[in-house]
Amino acid sequence: MSSVITTDSLTKRFPRVTALDRLTVDVQPGVVGLVGSNGAGKSTLIKILLGLAPATSGTARVLGLDVATEGPAIRERVGYMPEHDCLPPDVSATEFVVHMARMSGLPAAAARERTADTLRHVGLYEERYRPIGGYSTGMKQRVKLAQALVHDPQLVLLDEPTNGLDPVGRDDMLGLIRRIHSDFGISVLVTSHLLGELERTCDHLVVIDGGQLLRSSSTASFTEATQVLAIEVTDDEEHPGTDSDAAVRDRLTAAGLTVRSDGAGTGGTGSGGSELGGRIMLVEIEDDDTYDTVISTVADLGLGLVRMEQRRHRVVEIFNDAPDAPDAPAAPDAPGTATAPAALAAATSSPDPQEGGPADAGAA
Ligand SMILES: Nc1ncnc2c1ncn2[C@@H]1O[C@H](COP(=O)(O)OP(=O)(O)OP(=O)(O)O)[C@@H](O)[C@H]1O
């Protein structure tokens with residue numbers, strides 16, 4: 001498969017900040033998430049990829065075309081959904097999208113036909129004849145998406161498409177984004193500062209921070225299984241006041257296993273908290289017998305297992321490994337307003353999506 005985007009040591013310096021710092025990345029066809037906190041360099045990268053802003057140094061190619069010299073050819077083949085509200089309030093969605101289709105070179109009849117199809121696809125029906133000024137944020141986002149798709153591009157670059165949307169609106173938009181690829185075969189590069197939502201939506205994640213690449217790999221490989229078993233046991237109802245966790249920990253340790261409490265919790269209150277996070281114990285998996293040892297130990301003590309599952313890596317660990325990562329993630333002030341790696345951490349999904357843990361803070 002040929003790459004849709006490649007960059008080689010791509011650098012963009014503004015007088016007071018380096019927005020992109022020797023970024024080398026290779027994006028294959030599919031739905032790819034570009035994740036980074038506010039100011040990480042996502043929008044700058046998109047503008048360079050569209051040939052709208054020059055790089056300071058380094059090179060980039062989109063669909064095999066050089067961004068420095070082939071901007072118009074790139075923009076013919078690529079759709080772009082900008083981050084900010086940029087729609088004219090006085091015209092209808094239909095008028096606006098027809099205009100954008102004409103700007104992309106479609107003849108009048110084809111532009112009208114494609115506009116009707118595209119607006120239907122993004123979920124705008126009768127309201128498409130009303131002035132955009134009266135639309136909700138969700139409807140405006142759909143218009144912005146429709147104008148990015150109307151000329152049938154091979155690739156769309158979507159800059160923060162879920163910005164300003166409520167949880168239902170976010171989920172709808174993420175579903176639409178997936179269908180752009182599955183129904184039409186169009187590749188998608190979608191940016192967000194909310195890791196959790198891209199983790200759910202994308203096949204591949206590119207994570208940047210301070211203009212530098214932290215990691216680029218398949219979403220699945222970010223969340224591969226660890227050699228750690230997370231367990232939670234019931235209280236000892238026959239002997240109230242007994243610390244059942246301590247009893248299990250002592251027995252397992254005596255059996256030669258390494259046990260620790262889950263300092264990070266499951267996204268709950270963290271270590272020592274009275275909520276879920278404080279009740280999880282982590283057992284290193286020595287071999288297949290570890291499972292049986294845990295089960296028989298818990299049964300011998302007359303306790304029950306509330307959960308036993310192999311821990312998965314969390315995508316957010318990439319930020320914890322970054323050089324200036326914060327010690328403890330802080331919760332964002334309000335849903336969808338996460339900033340900086342700390343809030344990215346708070347916005348990620350539970351350690352194991354199967355676990356039914358706390359929802360993505362950004363979608364909460
Ligand atoms: N035209 C400009 N002049 C000077 N500095 C800029 C300019 N555009 C962006 N920057 C700076 O470059 C850095 C990266 O900005 P960019 O907009 O690419 O980040 P981002 O990841 O898209 O964040 P956000 O989601 O907040 O837009 C920021 O520090 C920003 O202030």
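Helices are taken as DSSP runs of at least four residues, numbered from the N terminus. In this predicted model, helix H1, residues 42-49, supplies the largest share of the shell around the ligand, namely three residues. The ligand is surrounded by 13 residues, and the closest are Phe14, Ala19, Asn38, Ser43 and Thr44. By residue class, the shell around the ligand consists of seven polar, four nonpolar and two charged residues.

At the level of the whole chain, two domains are assigned. Domain 1 covers residues 5-223, while domain 2 is made up of the segments 225-264 and 275-317. The centres of domain 1 and domain 2, taken over C-alpha atoms, are separated by 44 Å. An unreviewed UniProt entry places the feature "domain: ABC transporter" at residues 5-235.

Val228 was examined individually. This residue is part of strand E11, which runs over residues 225-233. Val228 has 17 C-beta neighbours inside 10 Å and is therefore classed as partly exposed, since a buried residue requires 20 or more such neighbours and an exposed one 12 or fewer. With residues up to four places away in sequence left out, the contacts of Val228 are Leu282, Glu284, Ile285 and Arg311. For one of these contacts, Ile285, the C-alpha atom is 5.4 Å from that of Val228, although 57 residues separate the two along the chain.

Technical notes: Residues are numbered from 1 along each chain as its sequence is written. This is a predicted model: local features need pLDDT of at least 70, side-chain atom pairs count only at pLDDT 80 or more; totals for chains, interfaces and linings use all residues. A residue is near a molecule or strand if its C-beta atom, placed from the backbone, lies within 6 Å of it. Helices (H or I, at least four residues) and strands (E, at least two) are DSSP runs, numbered from the N terminus. Ala, Val, Leu, Ile, Met, Phe, Trp, Tyr, Cys and Pro count as nonpolar, Asp, Glu, Lys and Arg as charged, and the others, Gly among them, as polar. Domain bounds come from an automatic or database domain assignment. UniProt positions are given in the numbering used here, feature names are shortened, and annotations may be inferred rather than shown by experiment. Two residues are in contact if their C-beta atoms, placed from the backbone, lie within 7 Å.
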